[in-house]
Amino acid sequence: MNESKMRLVGQTALITGANSGIGYAVAMNMAKEGANIIINYVTDEEAAFAAVASAKLLGNGNVIAIKADVSKEDQVQAMFAEAIRTYGTIDILVNNAGLQRDSPFADMTLAQWQFVIDINLTGQFLCSREAVREFIRRGEVPYSKAIGKIICMSSVHEIIPWAGHANYAASKGGIMLLMKTMAQELGPQKIRINSIGPGAIKTPINTSAWDTPEAEAKLLKLIPLKRVGEPNDIGDVAVFLASEEADYIHGTTIYVDGGMTLFPEFATGG
């Protein structure tokens with residue numbers, strides 16, 4: 001985590017799926033930058049309350065946790081209503097909640113497909129829609145050129161196909177065009193929208209890919225920088241995108257992947 005510049009003072013950030021992994025790192029980094037924090041979670045209430053305690057120590061003390069399933073419209077709307085009652089408004093939405101349910105394509109069930117699409121893609125639509133409605137209702141603010149900022153957590157798999165993970169890759173490809181379409185439509189209203197595309201990051205969702213020397217060695221073949229990313233690598237970029245330093249960045253994905261999108265298997269001619 002970089003030294004705080006207090007770039008988000010006076011702003012309120014809602015981070016979905018923030019009680020572990022990348023979402024947790026984003027929440028901690030944004031708290032350290034002075035933001036009020038809403039930690040969304042759907043399971044593991046104990047971890048959510050621990051995250052609240054940690055964020056309070058790092059930041060201004062204004063941190064709450066709200067349980068909500070981002071794939072359920074009524075729960076998302078209730079979450080935003082509670083957040084706005086608590087802090088008056090929302091300035092930053094980080095659409096981080098996501099999961100995998102992997103399967104060979106021929107064996108993938110409709111339930112596996114639908115569950116991943118519902119959380120990863122529909123969840124981002126529902127949360128973004130509520131955030132946009134609040135940004136437009138509230139209008140301009142003195143502490144930001146944009147009236148609101150949305151960061152969509154995508155993946156390198158918005159552009160890299162991934163056999164055995166059709167539902168996940170499809171959800172991330174959908175996020176890419178959802179983000180770009182929102183950015184095209186809402187930019188004139190001073191709503192700034194971007195994505196982050198993590199590569200291999202050490203989180204609970206992919207522990208088996210890096211938690212043994214053999215697994216990590218195999219994974220590093222796909223990463224030119226030859227290290228697996230840490231959640232703070234994403235947290236730092238999220239803070240930047242939410243800050244005034246990134247005010248002219250709009251409608252793009254920043255890949256934070258150690259070079260995975262360079263297709264390193266072709267480095268010696270394929």
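Because the model is predicted, local features need pLDDT of at least 70 and side-chain atom pairs count only at pLDDT 80 or more, while totals for chains, interfaces and linings use all residues. Residues are numbered from 1 along each chain as its sequence is written, and side-chain values use heavy atoms, with hydrogens and water left out.

**The sheet**

Helices (H or I, at least four residues) and strands (E, at least two) are DSSP runs, numbered from the N terminus. In this model 7 strands form an open sheet in the order E3-E2-E1-E4-E5-E6-E7, with parallel pairing. Two strands pair if DSSP finds at least two bridges between them. At the edges are strand E3 (63-67) and strand E7 (253-256), each of which pairs on one side only. On average, neighbouring strands of this sheet are turned by 20° against each other, direction ignored. Such angles run from 0 to 180 degrees between N-to-C directions, and the axes are lines fitted to C-alpha atoms, for helices over the stretch in contact.

Within the sheet, strand E4 (residues 92-95) pairs with strand E5 (residues 148-153) in the parallel sense over 4 bridges. Val 94 has Ile 151 in E5 as its bridge partner. Helix H2 (residues 45-58) lies across strand E2 (36-41) and E3, and runs at about 160° to E3.

**Helix contacts**

| Helix pair | Axes come within | Crossing angle |
|---|---|---|
| H1 (residues 21-32) and H7 (residues 231-242) | 8 Å | roughly 50° |
| H1 and H2 | 8 Å | roughly 25° |
| H3 (residues 73-87) and H4 (residues 110-138) | 9 Å | roughly 35° |

Angles under 35 degrees count as roughly parallel, over 145 as roughly antiparallel, 65 to 115 as roughly perpendicular and the rest as oblique. The axes of H1 and H7 cross at roughly 50°, which makes H1 oblique to H7. This crossing is right-handed; a crossing is right-handed if the near helix is turned clockwise from the far one by less than a right angle, and left-handed if anticlockwise. Contact here means heavy atoms within 4.5 Å. Among the residues making the contact are Gly 21, Ile 22 and Ala 25 of H1 and Pro 231, Asn 232 and Ile 234 of H7. By class, this contact has 9 nonpolar, 4 polar and 1 charged residues. Ala, Val, Leu, Ile, Met, Phe, Trp, Tyr, Cys and Pro count as nonpolar, Asp, Glu, Lys and Arg as charged, and the others, Gly among them, as polar.

H1 and H2 are roughly parallel to each other, and H1 passes H2 in a right-handed crossing. Tyr 24, Met 28, Ala 31 and Lys 32 of H1 meet Ala 51, Ser 54, Ala 55 and Leu 58 of H2. These residues divide into 6 nonpolar, 1 polar and 1 charged.

H3 passes H4 in a right-handed crossing. Their contact includes Glu 73, Val 76 and Phe 80 of H3 and Leu 126, Arg 129 and Glu 130 of H4. Its residues divide into 7 nonpolar, 1 polar and 5 charged.

**The loop between H7 and E7**

Asp 247 lies in the loop between H7 and E7, and is partly exposed at a relative accessible area of 24%. Buried means under 20% relative accessible area, exposed over 50%, and partly exposed in between (1.4 Å probe, protein chains only). Not counting residues up to four places away in sequence, Asp 247 touches Lys 145, Ala 146 and Arg 192.

Tyr 248 is placed in the loop between H7 and E7, and counts as exposed at 84% relative accessibility.
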